[in-house]
Structures are given as C-alpha cells and as structure tokens.
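Reader: Hi! I'm new to reading protein structures, and I'd like a close look at one part of this one. Could you walk me through the buried interior?

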Amino acid sequence: MNTEAATTAPIVRHSSPYLPTSPRKEQLATYDVAAIRARVDLLALVSPDTQLRKVATTRGGEWAGACPWCGGTDRFRVQPERGQWHCRQCSPDERWQDAIAYAMRRDGVDFREACDRLAGGAALSTIVNKPHAAPAAAAEPSDTWRAAGMALVEEAEASLWGEAGRRARLYLHDRGLSKHTIRTWRLGYIAQDRYDAAEVWGADPAERQRVLVPAGIVIPWFHEGQLWQLKVRRRTGSDPKYLAVAGGHPLGYGLHTLKGHRIAVACEGEFDAMLAQQEAGELMGVVTLGSCSKGLDARVVPHLLPLARVLVAYDADEEGQKGAARLVSLSARMRQIHVPDEANDITEYWQQGGDVLGWLTEEVGTHWPAEAGRA
Ligand SMILES: [Zn+2]
C-alpha cells in the first residue's frame with residue numbers, strides 16, 4: 001500500500017496573490033493517519049460520486065467506473081482492501097492515493113479538514129461537489145436555488161467592491177479585466193468557505209446535508225435574466241481550481257453576447273470569455289460551453305444557429321485541445337484557432353502584451369473572408 005499518499009498530499013497553502021497569507025503549520029502528527037485509513041470504507045466513500053463495478057479479484061479486488069472529475073467509463077480505479085484509488089487519466093503519474101486524498105480533492109478541503117471529517121465520521125458523503133462530473137439530474141436549477149444564488153451574487157459583489165475584496169480586484173485586473181467588465185459580468189468574492197444547510201439551496205437533505213459555498217471569486221452564469229450556475233475560482237494552489245455550487249446547471253456562459261453577431265469565439269474558461277468580450281466584443285460574441293462531452297444542451301443550440309462561424313479558442317494544453325476537437329466535430333460552423341505566441345490561453349496572451357482584438361480580427365479574415373471584407 002502506498003503509505004506516502006496522505007503525508008505527501010498537497011496541503012492547501014494560503015499563498016494566493018489575492019488573499020492575505022495566513023501561514024500555519026500543519027500538525028500532521030496529531031492525526032492517526034493509519035487509523036483513519038483503516039476505518040474508512042473507500043467504496044462507501046466513493047459510491048455517491050460514481051458507479052463502480054468489480055473488474056478484478058487480485059489484490060483484494062479492484063473496482064472501476066467513471067472518474068468523478070474527468071469522466072470516462074472505467075478509468076477510475078479503487079482497491080478497497082488496500083484503501084487506495086487512482087484515475088488513469090487525471091491522477092498525477094497514475095499515483096495511487098488514499099481516502100484522505102480523495103476527501104481533500106472531492107470536497108476541496110485541506111489535509112486537516114479531510115482528516116477531521118473522516119476521523120469524526122462527519123457526513124462526508126453529504127458534501128458533494130462535482131464540477132466536472134456528468135450533468136446534474138436536475139436540468140434546471142430550482143427556484144429556491146436561484147433565490148439563494150441571487151442572494152449570494154449580491155453578497156459577493158458587495159464583498160468584492162469592499163475592503164475585503166481589494167486583493168481579489170487586483171487579481172482580476174491582473175487578468176486584464178476592467179472595472180466595467182467585472183461589474184457587467186457581476187463577479188463577486190467570498191472570503192471564507194461556507195457550508196449552508198441543504199434547505200437554503202433547495203437540495204434534498206437525504207442526498208446532501210450541506211452545500212459548500214467555496215471561498216474565492218464568484219462567477220455567476222446568467223441566461224435570459226436567470227441564474228443557472230455559480231462557479232467559484234478558488235485560491236491559487238487549490239485543487240480543483242474551480243468548484244460549482246451544487247444544484248446549478250451549466251447551460252452556457254455569455255450566450256447573451258451572441259445576439260446581433262454572426263461570428264463568435266468559444267472560450268474554454270469564463271475569464272477568457274470575459275476578456276475576449278471586453279477586447280473584441282464589437283466584432284463578435286463570446287461563449288463558454290463547457291466540455292461538451294455529452295454534446296450541446298438543446299437549449300443552447302438556438303443561440304448558435306444564427307452564427308455563421310464559431311472560432312474555438314481553447315487552451316493549448318492537451319485537455320483544451322481535446323475539448324476543442326470535440327466542439328469542432330459538432331458543427332461545420334466551428335473552426336479551431338490557436339492562441340498566438342505559445343500562450344496557453346487568451347488571458348496569458350493578453351498578459352504577454354498580446355493584441356487580442358488584432359489577433360481575433362485576423363482569424364476572422366482567415367476563416368470568414370467575406371465578413372472581414374465587410375467590417
Ligand atoms: Zn480522472
């Protein structure tokens with residue numbers, strides 16, 4: 001068994017560029033890691049997040065299923081007897097990890113918090129956040145969720161523009177976003193992780209007792225005046241970087257900007273979409289469509305139909321290129337483009353001094369000469 005896993009698991013260090021640092025020594029010795037591992041049934045811990053089936057009887061048995069984070073069908077592996085799990089796609093070096101590492105990643109908590117929850121028998125399985133998992137069963141957020149979400153949006157906005165949000169504002173400005181852009185997209189800031197009672201968000205208490213509202217930059221997804229999803233860009237160094245408040249539905253980000261345009265740029269992330277809109281909004285609409293691993297939501301399609309071209313400018317990394325390929329395969333209107341100067345994404349290109357408007361204008365000329373001539 002890999003006994004390194006927990007002790008080498010990344011401890012969330014509060015070294016964010018936009019948060020005050022609060023250094024604290026993790027007292028690893030105060031947790032009996034072996035005892036925690038021994039008492040946690042890994043299959044039970046994982047079962048709310050993915051369906052597993054037994055695929056091998058060696059080493060005490062191995063179970064396989066879709067990864068709670070990156071999907072697939074059988075890449076996520078659990079060996080309950082050995083108390084270890086890994087994902088063949090997204091675990092670094094396919095390294096086996098223990099229950100503590102699982103709880104850290106799934107719940108977005110640090111080592112100490114994960115140990116507390118597992119050791120204390122807290123209702124861990126009731127706090128579930130699956131930003132990359134299959135779409136939630138509910139195809140649309142409930143009215144209760146939307147009311148709670150709007151309250152959070154307003155609270156987070158007030159906090160962002162207050163003293164507590166000073167570093168968060170600097171962080172956003174570092175990403176090229178102007179005050180006007182930040183206000184238009186209604187970004188906000190939450191200083192502390194928070195666990196609301198399920199009822200607040202209209203969640204079924206039988207499924208989850210509490211709903212995590214993670215600390216970080218709040219990115220609300222609006223569509224036709226309604227709130228659909230709340231994503232949070234967490235502190236730098238957090239894994240995963242983004243979490244969504246459970247109960248939302250990722251319909252599409254920026255769909256309203258498509259109106260009146262015959263060309264759009266599809267971005268992988270919200271920050272890129274906001275920056276592209278700020279720099280090139282006169283020329284084109286912007287949209288973030290998520291991974292599209294299950295195709296496009298039928299409610300999104302009507303917004304894309306009036307477009308003649310969608311330039312797909314996903315991240316240069318492997319995952320981004322896979323996502324772009326998937327999107328381009330959906331429609332002949334889609335054209336994959338690449339961020340210049342070896343930048344990984346649009347934000348990085350801007351940070352290098354890149355001319356976002358100039359680049360996108362050039363791409364329009366390449367992929368849709370008729371429109372470039374008219375402009
Ligand atoms: Zn995975």
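Predicted model: local features only at pLDDT ≥ 70, side-chain atom pairs only at ≥ 80, totals over all residues.

Author: The protein has 375 residues, and 42% of them count as buried. Its secondary structure consists of 14 helices and 14 strands. Among contacts with a separation of 6 or more, 57% join residues 24 or more positions apart.

Now for the interior itself. In soluble globular proteins, nonpolar side chains tend to be buried together. Here, the largest nonpolar core holds 68 residues, and Val 218, Val 265 and Ala 266 have the most contacts inside it. Helix α9 gives the most to this core, with six residues. The core also draws at least three residues from each of domain 2 (143-244) and domain 3 (255-374).

Next, look at Val 218. Leaving out residues up to four places away in sequence, Val 218 touches Leu 152, Val 153, Ala 156, Leu 187, Gly 188, Tyr 189, Ile 190, Leu 230 and Val 232.

Finally, find Met 334 in strand β14 (residues 334-336). Met 334 counts as buried because 20 other C-beta atoms lie within 10 Å. Beyond its neighbours within four places in sequence, Met 334 is in contact with Val 310, Val 312, Leu 327 and Val 328. The C-alpha atoms of Met 334 and Ala 264 are separated by 9.5 Å, although these residues are 70 residues apart along the chain.

Methods:
Residues numbered from 1 in each chain as written. Helix = DSSP H or I, 4+ residues; strand = E, 2+ residues; numbered from the N terminus. Buried ≥ 20, exposed ≤ 12 C-beta atoms within 10 Å, placed from the backbone. Contact = placed C-beta atoms within 7 Å. Core = buried A, V, L, I, M, F, W, Y, C linked by C-beta atoms within 7 Å. Domains from an automatic or database assignment.
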